[in-house]
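The following questions and answers concern the fold, the chain contact and selected local features of one structure.

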Amino acid sequence: MRRAVSAFDWRLLVRRLPVGVAVGTTVFALVWVLFWAPSTNFGPAIHSPANFLITLLNGLTLAALMFIVASGFSLIFGLMRVVNMAHGSFLLLGGYIAYEVQQSMTNGGGLTVFSSQVNAWDWLVPAIVAAAAIGGIGLVTQQVFLRWNMGQDLRQALITIAISVIIADQVVAHFPLESSIEKGSAVNTSWPGAIDRLVNLHIAGVQYSVARLTMLGLGVAVGIALWLWLYRTKTGMVIRAGVDDRQMTSALGVNIQVTFAIAFVVGASLAALGGAVFTSYAGVNPTTDGQWLLNSLVVVIVGGLGSIFGTVAGALLYALVYNFSISYLPTTGGDCCGQYSPVLTFVLLALVLAFRPQGLFGRPA
Amino acid sequence: MSPFAWRPRPMSEKNLVELVIGVTLLLFLAVFPVFGVGYWVSFVLTQTFLIGIAAASLVFLTAYGGMVSLAQTALYGISAFALGNMVTKGAVKGLHLGLDPWLAVVLAIAITTAIGLVFGAVASRSAGIYFLMITLTYAVIAFTFFGQVTQVSGFSGIAGIADRTPALVGDPVTQPNRLYYIALVTALVVYFAIRHVVRTPFGISLQGVRDDPVRMGSLGYNVALHRTLAFTFAAFIASLAGVLYGWWNGVIAPDNVGLGATVDLLIVAVIGGLGRVEGAWLGAFAFVVINNYVRDVSVPVLGGSFNTVIGLIFLAIVIVSPSGLMGLWDRLWDAAGYREGSGPRAAAAAGTAGPQA
């Protein structure tokens, strides 16, 4: 059959349009940040490399935290097709639990603890307790509310939304536990004194927080641990088999229910670990749950659900766009335009979905 | 039977009962302000009508398009913010353009519908649970946007919308009956518009897209376009609710489109039933009444506020009857030995699992 040759195939152009727009936007953003960036707080990167490096490091460290949280969300979804809308609430409750444990370990009495009074254990034990407690709550949630209705994904999403409403309200009603503080107040924990300091990076004279760099290291460690677990152990093999074909895996004699329970506990614990980190990073307040549900959703939608590499890519893209948009949008006229950063989140989402509806690393469902 | 060979069914016993109930209720509502309590007119019922309109847009998308949208609250908020920015004047927040009230209404609806078109186009290659996630990000982005951007809103929002209503609407505080009837008529128009749209060729093929997007695609239907247009239509409906909300509340603030408000609208639709459009107003009524009279009740042992109560009610409904109160009504008829063919309500009751991307 002879192919119709036309001088200008507009259909092809329309089909390639999303890719073109995505590439064009990326190139424009890079040129803007590196060479142009007029009337911004920081100016182009070639003129002030120090600001650029700080923004980049802020982006990378936030990406590490986003990865920790979103990988739990993605793990639960990838295996069970459960969109855990309570993920943000798990993080919120985890953050408050970490705060309470650190308070009782350091005899804070409801006051902010100075990092000089905090040693490594005063930070690690709260994080572990929070992860364990939320893991337990996650296990109960999964066994009581989600085990018997597998496959009804909308119903499960609605159930987890109901649970998130209840948890969020209960947290506001009861935390912080100290009677001297108003319920629902924002709280924060302190990093251990050993890492709560600046270090000279010897690049462009930048001093950067060791705690933030530790966060980056923690994110990488969680990523490597997850990778080893999923790709080098038997449980991980079963989980990956379950992601590919749930029915076939259970038909081969694997007790898939145990695997589901393990994955849900790990996923919920990762949310709580993220909560413990975030409580030291920025502090938690009753609106933290919605903010982190959004973060998890954007990361997994951009990266692709159920893929560990997709989560890495999504966290990096989203965190970098978020940080660079705050620093590199023009600030002419006082009000404009740094506050328009939410629009850029939408632009990122739109660009990725336009040419990959299943996310960057996701497979078609 | 081909799904396209649709023809009107002869009216069944159940349809007849529903018709009688509906007409009776309507007549009752039409004369209610004459002898009703002012509080019920201005607060409970007007609010029910306008929340019901927003919930109906969500039910329409879920029942007929397989798209569970959490962006409907954001869209009606965008409409109310647009109205507030254009209609107010003087030393208030926002752009205070001071436009003619009717012009502002038309522009608010047009802007919201256009944004709905963009939102819908971006999400149009997804459905079901993916659609829910993408639209939830829209909701949170809209909330953050209005919270941060001081030119159009800022944290405390825009007040004084009720002072600049068209002459037909009057002052919603001193003349609540006018807004009551306007909301009632709008709700009726929306209800019949949805019922009409789902019976047009577009509506029928939209239901085909809901049931089997792959097959519809291979039959030559543009799946993404159907979803985009359905979402745009739903955004238009939500924008009507937004205008009414602006008049009724007088104030629109970022909190009105926050995560809590988003989940509330979902709860309304689920209480009523995601399978039937009528359920939207039933759910809205239940929600407003519970919200009104359970405000000060606290759950024993747990404590907490109204949100714990509504969360527990929501949880119970999703577990016991995922198709909501209308689903209970349908099941009652089933139990009485009445059978009805497949339809959106059957699909919604069966698995609540929409087609996936």
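Helices (H or I, at least four residues) and strands (E, at least two) are DSSP runs, numbered from the N terminus. The model is predicted: local features need pLDDT of at least 70, side-chain atom pairs count only at pLDDT 80 or more, and totals for chains, interfaces and linings use all residues. Residues are numbered from 1 along each chain as its sequence is written, while chains are lettered from A and ligands numbered from 1 in the order in which they are written.

Q: In which loop is Arg81(A) found?
A: Phi of Arg81(A) is near 60°, a positive value in a residue other than glycine. Arg81(A) lies in the loop between α2 and α3 (87–106) of chain A.

Q: Is Arg81(A) buried or exposed?
A: A residue is buried if 20 or more other C-beta atoms, placed from the backbone, lie within 10 Å of its own, exposed if 12 or fewer, and partly exposed in between. Arg81(A) has 21 other C-beta atoms within 10 Å, and is therefore buried.

Q: How many helices and strands are in chain A?
A: From the N terminus on, the elements of chain A run α-α-α-α-α-β-β-α-α-α-α-α-α-α. The count for chain A is 12 helices and 2 strands.

Q: Which elements of chain A are included in what covers the buried residues of α6(A)?
A: Helix α6 (residues 210–232) of chain A reaches 31 Å from its first C-alpha to its last, close to the 33 Å expected at 1.5 Å a residue; the expected span is 1.5 Å times one less than the number of residues. Its buried residues are Ala211(A), Arg212(A), Thr214(A), Met215(A), Gly219(A), Val222(A) and Leu226(A). Their cover includes α2 (49–80), β2 (207–209), α9 (256–281) and α11 (308–328) of chain A.

Q: Which residues make the contact of α4(A) with α5(A)?
A: Two residues are in contact if their C-beta atoms, placed from the backbone, lie within 7 Å. The contact is made by Thr141(A), Phe145(A) and Leu146(A) of α4(A) and by Gln156(A), Ile159(A) and Ile163(A) of α5(A).

Q: Where is Pro176(A) placed?
A: Phe175(A) and Pro176(A) are joined by a cis peptide bond, with omega about -5°. Pro176(A) is in the loop between α5 and β1 (198–200) of chain A.

Q: Which element gives the most to the side of chain B that touches chain A?
A: The contact takes 44 residues from chain B and 37 residues from chain A. Elements giving two or more residues to the chain B side are α4 (101–123), α5 (128–148), α10 (259–272) and α12 (306–320) of chain B. With 12 residues, the element that gives the most is α5(B).

Q: Against which elements do the buried residues of α11(B) pack?
A: Helix α11 (residues 278–293) of chain B has 16 residues. Its buried residues include Trp281(B), Leu282(B) and Phe285(B). The buried residues of α11(B) pack against α2 (38–65), α6 (176–197), α10 and α13 (324–335) of chain B.
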